[in-house]
Each structure stands twice: as C-alpha cells, then as structure tokens.
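User: I have a model open and would like to learn how to read its features one at a time. Please take me through it.

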Amino acid sequence: MKRYDVIIVGGGPVGIGLAIDLGQRGLKVLVLEKYATPQLVPKGQNLTGRTMEIAASWGVDKRLRALRTTDRSKNTGGLVSWGTLLSGHHYEWLNRGLVSQYYDEPNERLPQYQTEAALRARVAELSCVTVLYGVEYKSVEQDHAGCRVMAVCKDDKAEQHFAASYVVGCDGSRSSLREDAGITQTVDDHDKRMLLAVFRSIQLDEVLGEHRTYSIFNNLSPELKGYWQFLGRVDDQREWFFHAPVQIDHDYNEKDVSDLLAAVVGKSIDVELSYLGFWDLRFALADSYRNKRLLIAGDAAHSHPPYGGYGINSGLEDARNLGWKLEAVVKGWASESLLDSYDFERRNVFSSTIRDFIRKSIESDAEFLEKFDPEQDADAFAAEMARRRDFSFKEVEQFAPHYTGSRLSYGTQGIPSALGRHQFTAVPGFKLSRHPDHVDPGPIEPAGGFVLICGSQLAEPPPGLAAPVRVVISQAREIRARIVLLRPDGYVALNEPDDRAADALEAYFRMNGYRL
C-alpha cells in the first residue's frame, strides 16, 4: 500500500490547487480524479485579484493570462438591467477592477476548464505530486495513525489502496468524502430549478450595441422576485452561457431556450445550442470542515448559486489557507490543533459570503422589484437605480474576507467574515496589501513560511521555532518601532511595538500549537 502525506479526493481547480500548494512545500501528495479531462462547461470564470495572487504563488498566473478567451479591452464586470437588457434601465455591477490597487495581480476572466488546464500543467511539473486521472474514490477509513483510501480505476474496475496522514475532499457539492467523513450540511433550498444553456449567437453582440464591452449581463424581471436571469460571454468567438429560473416539469429544447433569451434580451436573436443542463438553486454549508484526519474544501464544504463568482475564488482561498497548516502539522512544526483554525476561519468567511452578499442580493433585488416600477413612478425608480449603482461599487470594496477573532490573528476579537474593508495598513486578521509607504514584505515565495517585518531594530523568531520565518527590514513609516508578522498565506498575524516583540511572538506561536 503506497503511503502519502496527503491524499486529495477530486482534481478540479481546488483539489489541484491544494496539491500544488502542498507539492511546492515538499509534501508527498496523491490526487484521485475521476475525469480524464476537464468538463467543457463554462463556469467559475471571474477570478479576483486575490485569486490571481494565489495563482502567482503557485506559478500559474502567466499560464492563466495566456489562456484568456476574451479581449482584454472588455470589462470583466457586468451590467444589471430591469425588464430586459434593452430596456434602457441599467447600471454597472461587480467591476472587481475597482480594487485592483490593493492586489499584486489584476483580476482575470476565463472559463473554469481553462483554469483547470493551467493548474494541471503546473502540477505535472511537481515530482512529489502524483495525479491519477480516471480513478474514482470509493471509501475511506481513519484511525489515530492515519487514513486508508480505496479507489477504482474507471477503465478496468481494478481496486487500488492507498494510505495517508490526512485526506482532503475536494470532490464537489455532492461530495462522497464529506458523507463518508460523517460531516453534515445546513441546506437552504429555494425550490428553484435553474437552466444552464451554452450557445453561440452571431447577432447578440450587435444587439447589445454599446454594452457589448461587458462580460456579464443580469436581468431583473419583476415576476421572478429577485432571482436572476443572466448570461455571460465565454469567448470572443460568440459563445455564451445563460442561466434562468424555469418550470420544474417542462422538457426544454433549443426553441424554448431561444424564446427565453428573446424575453430576456428584449429582441429575438439567433441561437445555436451546444449544451443544456439544470441545477437546483440552494445554499449548502458544511457544519464542520474537519473530522479528525478528514477535511473538505471548495464545493464539498460550501455551495451556492453562481451569483457574483464567489465559488471558485472561495475554494482556491480554502486551499491556500489549508496548505501551510497541513505542512506545519505533517512536518511536526505544530500540533494537530492548528487545523482547527482552518474550519473556524474559512467556514465563518463563507457563512458571511452567503449572508452578506449572495442571499442579501436576492432579497434586496426582490424588495426593489416589488417597490419600484418606471411605469408607476419614473422619478423614484431612477433615484433607486442610481442608489443601487453606487452600492454596487461599495459591494466590491466591501468584499474583503478577514480572520478577525481567529487565534491566528493576535489580539483580535470577533468572528471571521467576508464583509471587510480594503486597506494598506497592517491590521491583524486582514490580508496585507503591500505598499512601500506602509508595508512591503518583499517578493512572493512559492513555498514561503512566515515573514517577520521589522524596522531599524532587528527582531528574531522565538528560539527553537522549527517553522520557517523570513526576516525583512523595512523603512516604511508603519514599521518604525514596530514589528509585523505575516502568515504564509499573506494575512497579518500580529502588529506589535518593538518593545513587546519577543513576548508577543512567543505567545503567538505557543497559542497556535507551534513547537518551541
């Protein structure tokens, strides 16, 4: 039985991303992925600046940018319309470029299968990572010493057995690993059947006219009570995707899709259907992200409607959060209790993502459609549209996940949340946005450990600490007579005066299970 440090069930973007993170840290990793090639369904297209920072740390940022399928002059954000896309009532939405100054990398847009292609190419370069495509996970057992996994080759049905210290389920919203781990979910089912169509259209760009520079188009139809009809650009070859609430018991065909699109656009267009599928609109959040040696990440841990592109970005941040913690535990730098912080940090952040962004959007749209109508009161409607346009800018600024209240965020109180603020100052619990006038930790290191930034007085890690710490001397005004400790994932661990540095650093590492 071959033994690994970590086995990852599921080789989608989150699973392969985690494998890259662990592989760059020198861990022996096995990935089990049932599909030989990525599924060619355009989802998870909107990659944030934070995700592209993570991509840079994994060495895939240039590959991702090379695989972009739309012209860079096109706005990666969207347009929200009332009634139809051609109604004349609209405002800009989800322009993530508005916060680009806070990230080392600009945001990006490309279909998920292209993201997977870039990740698969990168993971193949790591000798300590083995990826078995066409092999399906079947069962797992765990005890105090480790885990045993059984899988089956899809071609010849041959059983294969593996062992590992930890197993991570990245196998999607219907995760078998999550069920086998005994991890329950809290589900909010909205009883909505949603259609997903992929189609080509020669006329749509022309019909959209001056708005064709946008990538996403959301339509608010009064009768749908806040649930979106939305379509997005897949590439510059006139391929699109389209989501809409539909009847539960109707058997849809190409003509039905054409009729739906005509109603949404406000004009008939040519439609050549290439894919038609359905999904249930619901929110699901695991009640825990860990059961001893079994963990979950990505859609296995949280799933939601594809509103706002939060899914793939949250999943890749799961991987970035978990990777360095698994390294610390597997290599014996820290006790297993460090893994508890993964659940506390990431589950609370996604709970907030659901509550403060996605569900809130549906509810506020429903209220808007009930109260405002341009045919009833044009002035009130116009004023509300202007207010919503301004709020759409604030929404992008406010999506700043942080780990306030985590024991890894020294001296903070509260609960981790997706609702935060972008800033350059080094605030414990928040991701550091480098700026030479405030804090610049130096270049990103692919398998980096902690970064200790200090001013003229040289600070040192606690004696006996096995975990890697890189010391950086900074003349930035915020660092004078202070120290800042950054976690391996770029979040601020502590910000303390020089004269309390030694005590604060020792207390920080001890309380988080690091061995001194």
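User: Is Asp191 buried or exposed?

Analyst: The model is a predicted one. Exposure is read from relative accessible area, with over 50% counted as exposed. Asp191 has a relative accessible area of 62%, so Asp191 is exposed. Asp191 belongs to strand S11, which covers residues 185-200. Its backbone deserves a look too: Asp191 is not a glycine, yet its phi is positive, at about 55°.

User: Where does Ala481 lie, and what is its phi?

Analyst: Ala481 sits in the loop that joins strand S22 (469-473) to strand S23 (482-486). Ala481 is not a glycine either, and its phi is positive at about 60°.

User: How do I read a pair of packed helices?

Analyst: Two packed helices are described by the angle between their axes and the distance between the axes. Start with helix H1 (residues 13-24) and helix H8. Their axes are 9 Å apart and the packing angle is about 30°. Angles under 35 degrees count as roughly parallel, so H1 is roughly parallel to H8. The crossing of H1 past H8 is right-handed.

User: Which residues of H1 and H8 meet?

Analyst: From H1 come Pro13, Val14, Gly17, Leu18, Asp21 and Leu22. On the H8 side they meet Ile312, Gly315, Leu316, Ala319, Arg320, Leu322, Gly323, Trp324 and Leu326. By residue class, this contact of H1 with H8 has ten nonpolar, three polar and two charged residues.

User: At what angle do H2 and H8 cross?

Analyst: Helix H2 (residues 49-57) and helix H8 (residues 310-330) cross at roughly 45°, and their axes come within 10 Å. That angle makes H2 oblique to H8. H2 passes H8 in a left-handed crossing. The H2 residues in the contact are Arg50, Thr51, Ile54 and Ser57, and those of H8 are Asn313, Leu316, Glu317 and Arg320. Sorted by class, the contact of H2 with H8 holds two nonpolar, three polar and three charged residues.

User: What is the angle between H8 and H9?

Analyst: H8 and helix H9 (residues 340-371) pack at about 165°, with 10 Å between their axes. Angles over 145 degrees count as roughly antiparallel, and H8 and H9 are therefore roughly antiparallel to each other. H8 passes H9 in a right-handed crossing. Tyr310, Ser314, Glu317, Asp318, Asn321, Leu322 and Lys325 of H8 meet Ser341, Tyr342, Glu345, Arg346, Phe350, Thr353, Phe357 and Ile358 of H9. In the contact of H8 with H9, six residues are nonpolar, four polar and five charged.

User: Asp318 is in H8. Is Asp318 buried or exposed?

Analyst: Asp318 counts as buried, because its relative accessibility is 0%. Leaving aside neighbours within four places in sequence, Asp318 is in contact with Ala297, Gly298, His302, Tyr342 and Arg346. As for spacing, the C-alpha atoms of Asp318 and Gly308 are ten residues apart along the chain and separated by 18 Å.

User: How do I read residues in loops, such as Arg212?

Analyst: Arg212 is in the loop between helix H6 (204-208) and strand S12 (214-220). Arg212 counts as partly exposed, because its relative accessibility is 43%. Beyond neighbours within four places in sequence, its contacts are Lys74, Asp205 and Arg233. Distance along the chain is a separate matter: Asn75 is 137 residues from Arg212, and their C-alpha atoms are separated by 9.2 Å.

User: Where is His144 found, and is it buried or exposed?

Analyst: His144 is in the loop between strand S8 (135-143) and strand S9 (146-153). With a relative accessible area of 72%, His144 is exposed.

How values were computed
Residues are numbered from 1 along each chain as its sequence is written. This is a predicted model: local features need pLDDT of at least 70, side-chain atom pairs count only at pLDDT 80 or more; totals for chains, interfaces and linings use all residues. Side-chain values use heavy atoms; hydrogens and water are left out. Axes are lines fitted to C-alpha atoms, for helices over the stretch in contact, and angles run from 0 to 180 degrees between N-to-C directions. Helices (H or I, at least four residues) and strands (E, at least two) are DSSP runs, numbered from the N terminus. Angles under 35 degrees count as roughly parallel, over 145 as roughly antiparallel, 65 to 115 as roughly perpendicular and the rest as oblique. A crossing is left-handed if the near helix is turned anticlockwise from the far one by less than a right angle, and right-handed if clockwise. Contact means heavy atoms within 4.5 Å. Ala, Val, Leu, Ile, Met, Phe, Trp, Tyr, Cys and Pro count as nonpolar, Asp, Glu, Lys and Arg as charged, and the others, Gly among them, as polar. Buried means under 20% relative accessible area, exposed over 50%, partly exposed in between (1.4 Å probe, protein chains only).
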